[in-house]
Structures are given as structure tokens and as C-alpha cells.
Amino acid sequence: MKNKIHLLICVLISLFILNSCNEKAKLMKPQFLIGSWERVNDESGNLTFENWNSNFTGIGYTLKDSDTIFKEELSIIELNDTLFLKVTRVNEEPTLFKFTNQTNISFTCENKLNEFPKKIKYRIENDSLKASVSNEEFSIEFVFKRVNSNN
């Protein structure tokens with residue numbers, strides 16, 4: 001009887017382990033992005049903002065005086081169990097950057113076929129959101145502070 005109980009426990013544990021291995025790992029989207037951000041290291045006369053919604057859609061834009069001189073639509077999407085940063089309104093077609101590294105306070109995504117940037121990194125550092133866009137030749141660093149909302 002003792003052997004049967006032991007065997008039953010082993011079978012149940014094995015089934016639990018197999019079931020756990022077969023479940024898809026849930027992809028975690030970068031919660032730290034959510035909110036409104038203003039660039040603090042902008043070129044003189046420019047104001048740059050990124051706004052990220054809780055559904056991981058966002059917009060980035062730059063104002064010079066009262067004119068919008070740059071605008072992009074951003075989203076974090078899942079395709080075939082992989083996260084991508086999707087950027088629209090910059091190129092003729094949407095550009096996808098595949099997540100290649102991620103922690104709870106950062107992520108890196110890449111598209112080696114894109115002329116610029118080929119790599120985009122976002123990270124939280126000392127209450128700032130830092131983003132860098134780069135290719136093999138150079139990199140541009142963006143430093144954002146959170147914009148307080150009066151909700």
C-alpha cells in the first residue's frame with residue numbers, strides 16, 4: 001500500500017511538472033513606460049514628449065515653437081509569442097523592433113534591417129525614463145522626466 005501511494009504521488013508530481021512546462025510563459029509588457037514623459041535633454045527651442053497608455057499604445061512628438069516637427073505612433077505588440085515595439089508614421093510602412101532583452105526596468109529591441117535606428121533601448125534610471133536609439137555608427141540618448149497629471 002505504501003508503494004502505491006508513493007507511486008501515485010510520483011505520478012501526480014510528474015503530471016504537474018509536465019503541465020507547467022507546457023503552459024505558455026505569459027509575456028510581460030513593460031509597465032514602467034505607462035505615463036506621460038517630457039524630454040529634459042532636448043535641443044534648444046524643442047519640446048519632446050512621449051505618452052504611453054495602459055494598453056501599451058503611445059505617441060511621441062516634438063514641438064518647435066507651436067509647430068509639430070516630428071510625430072510617431074508607438075505600440076508594444078505580441079506576435080508569435082514574441083514582443084515587438086511597433087513604430088508607425090515615421091516610415092511608409094510600420095517598423096517592428098523585436099524585443100531581444102528585457103527586465104522589469106528595461107528592454108532592448110532591434111531591427112537590423114532598419115537604416116536608423118537598428119537598436120532601441122528603454123530603461124528607468126533614477127526616476128527618469130532613458131531611451132537610446134542607435135546603429136553601428138552613432139547613438140542618440142533621450143532623457144525623460146515624468147509629467148504629473150492632475151487626475
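Let's start with P117, which sits in the loop between β7 and β8. The peptide bond going from F116 into P117 is cis, with omega near -10°.

Before I go on, a word on where this comes from: it's a predicted model, where local features need pLDDT of at least 70 and side-chain atom pairs count only at pLDDT 80 or more, while totals for chains, interfaces and linings use all residues. Residues are numbered from 1 along each chain as its sequence is written, and side-chain values use heavy atoms, with hydrogens and water left out.

Back to the backbone. Most residues other than glycine have a negative phi, and most peptide bonds are trans. Two aspartates are worth a look here. D65, in the loop between β3 (57-64) and β4, has a positive phi near 60°. D127, in the loop between β8 and β9, also has a positive phi, near 65°. Buried or exposed, what is D65? It's exposed, with a relative accessible area of 70%, and D127 counts as exposed too, at 73%. For the cut-offs, buried is under 20% relative accessible area, exposed is over 50%, and partly exposed is in between, using a 1.4 Å probe and protein chains only.

**The overall picture**

Zooming out, we have one helix and ten strands, and the helix comes at the N-terminal end of the order, α-β-β-β-β-β-β-β-β-β-β. Out of 151 residues, 33% count as buried. The accessible surface is about 10,600 Å², and 52% of that belongs to carbon and sulfur atoms; areas come from the Shrake-Rupley method with a 1.4 Å probe, and for residues only the protein chains shown count as cover.

**The core**

In soluble globular proteins, nonpolar side chains tend to be buried together. Which residues have the most contacts inside the largest nonpolar core here? They are L33, W52, I76, L85, F107 and Y122, in a core of 21 residues. By nonpolar core I mean buried Ala, Val, Leu, Ile, Met, Phe, Trp, Tyr and Cys residues joined through side-chain atoms within 4.5 Å. Several strands supply at least two residues each, including β4 (67-79), β6 (95-103) and β10 (139-146). Take L33: leaving aside residues up to four places away in sequence, L33 touches W52, I76, F107, Y122 and L129, where a contact means heavy atoms within 4.5 Å.

**Aromatics**

Now the rings. There are six aromatic pairs; rings of Phe, Tyr and Trp (its six-membered ring) pair if their centres lie within 6.5 Å, with planes under 30 degrees apart called stacked, over 60 edge-to-face, and the rest tilted. F107 and Y122 have ring centres 5.2 Å apart and planes at 25°, so they're stacked. That pair links distant parts of the chain, with F107 in strand β7 and Y122 in strand β8, 15 residues apart. F107 is buried at 1%, and Y122 is buried at 4%. F142 and F144 are stacked as well, because their centres are 6.3 Å apart and their planes at 10°. And F32, F99, F107 and Y122 make up one aromatic cluster.

**Salt bridges**

Last topic, charges. I count a salt bridge when a side-chain nitrogen of Lys or Arg is within 4 Å of a carboxyl oxygen of Asp or Glu, and that gives six. E73 pairs with R89, with closest N and O atoms 3.8 Å apart. That one joins strand β4 to the loop between β5 and β6, across 16 residues.

R123 and E141 come in at 2.9 Å between the closest N and O atoms. R123 is in strand β8 and E141 in strand β10, so this bridge ties together parts 18 residues apart in sequence. Both are partly exposed, R123 at 25% and E141 at 30%. Then E125 and K130 meet at 2.8 Å, N to O. E125 is partly exposed at 30%, whereas K130 counts as buried at 17%. Through shared partners, R123, E125, K130 and E141 end up in one salt-bridge network.

That's my tour, and I'm happy to take questions.

How values were computed:
Helix = DSSP H or I, 4+ residues; strand = E, 2+ residues; numbered from the N terminus.
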